[in-house]
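Please look over the sequence and the structure before reading on.

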Amino acid sequence: MRQLKAQVERVVHPVRASVGRKMKMREELLGHLTTSYEEGLANGLKEEEAIRRALERFGEPAVLRAELQASVPVVEGILYFAIPFHSRITEAGRTLWKGDDESALRHAWRLCGSVLAACLPYLLGAYALLFGYLAATGTARSSLSECWRFVTAFHGASLVCFFLYIVFLDEVQQALQTAGSSLHRAARIGAWCVPAIAMVLGSGMGVWIIVGKPSPHVTWQLLVAVSVLVPGMLVCPAIALTADRKRREEWESLILDG
Amino acid sequence: MNKISGDTLRGHLETMVLAALARGEAHGYEITRRLEARGSGLLELQEGTLYPALYRLEAAGHIRGRWEEKPAGIRGPRRRTYRLTPKGRRELALRQENWRSFVNVVGAILEGAT
């Protein structure tokens, strides 16, 4: 099994494509090689001979790699070529996975801390721009109190949702698996759409509150409207990412059977 | 008779896959077996090259794939089975028609040369 899996990795690893597409390739190609190998054993071949025959019939890795790459949509291939450190980023992201002996609560704190640390440069940059705007226009800082409330509520709610999602990660995954593939697919589509919508609406409303200065009553209505989108904004990408993690874990655990 | 392999085979692989799937739903390994059985031992297919063809056909909407669910407690890779879509059936009929025309025309020319 190890040799079959190594061959699949030789073929698929260099292909420039999304993680999901490559996992599909890996699993399908390994399934083919495994069936071929088992058929060899059933025909009376010794184990090593069955593996050799399966690999020989499978074809040259370089040829297969080139053909698999050609089957990837051009835009996707260019995108993943344009991110040279993509695989290193993916590997670095794995340090955020839950450890074997780690409690759900500790994992959630660790992830929230990482998210805050990652967002810090963005927040500092945003505040620098805001204070620059205030200084340039001579606007008093107190006039933005509604905006501060908005920003605090928006980011605070996001972080709380994220924290709760991580705490109940296993339960959510279990529920999704029971619910079937259509919900998984919906979550994946939502992973791209909901955050984009939430960011556009949130930023637009923030600008309106700063520039338009609506009444406090209207401002709070805006906050409620945006808050509805906040859970989806974090949960959808998290579901998509953890689904990828689940598949990769399954793939890596296969080596134990060999 | 010489074996058929490489580029000669690759140019027609997608059509042959469509024809193999016209006999019913199958996963990749089963498709290669069907092709070999119909090829009278003269097809020398690198089995892995079947999958890029399957992905292209699926992207074009000619076939549809689905993962087979594994029984609980069974480990190992899942298998993906493919079936022809109505669009794929129309495409196969069109390619068969084109192939017949090609064989008639080119065959007549080549036979006339001997």
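## Where the chains meet

In this predicted model, chain A brings 22 residues into contact with 16 residues of chain B. On the side of chain A that touches chain B, α2, α3 and α4 of chain A each supply at least two residues, and α2(A) gives the most, with 9 residues. Sorted by class, that side of chain A has 9 nonpolar, 7 polar and 6 charged residues.

## The nonpolar core

The largest nonpolar core has 33 residues, and those with the most contacts inside it are A:Leu29, A:Leu33, B:Val17, B:Leu21 and B:Leu54. At least two residues of this core come from each of α1 (2–12), α2 (19–42), α3 (47–58) and α4 (61–71) of chain A, and likewise from each of α2 (13–21), α4 (50–59) and β5 (80–84) of chain B.

Once its neighbours within four places in sequence are left aside, A:Leu29 is in contact with A:Val8, A:Val11 and A:Val12, as well as with B:Gly48 and B:Tyr51.

## A helix largely enclosed

Helix α4(B) is largely enclosed by the rest of the structure, because 7 of its 10 residues are buried. The buried residues of α4(B) are B:Leu50, B:Tyr51, B:Pro52, B:Ala53, B:Leu54, B:Tyr55 and B:Leu57.

The cover over these buried residues includes α2 and α4 of chain A, together with α2, α3 (28–38), β4 (63–67) and β5 of chain B. After α4(B) comes B:Gly61, which has a positive phi, near 80°.

Technical notes. Residues are numbered from 1 along each chain as its sequence is written. Chains are lettered from A and ligands numbered from 1 in the order in which they are written. This is a predicted model: local features need pLDDT of at least 70, side-chain atom pairs count only at pLDDT 80 or more; totals for chains, interfaces and linings use all residues. A nonpolar core is a set of buried Ala, Val, Leu, Ile, Met, Phe, Trp, Tyr and Cys residues joined through C-beta atoms within 7 Å. A residue is buried if 20 or more other C-beta atoms lie within 10 Å of its own, exposed if 12 or fewer, and partly exposed in between; C-beta atoms are placed from the backbone. Helices (H or I, at least four residues) and strands (E, at least two) are DSSP runs, numbered from the N terminus. Two residues are in contact if their C-beta atoms, placed from the backbone, lie within 7 Å. Ala, Val, Leu, Ile, Met, Phe, Trp, Tyr, Cys and Pro count as nonpolar, Asp, Glu, Lys and Arg as charged, and the others, Gly among them, as polar.
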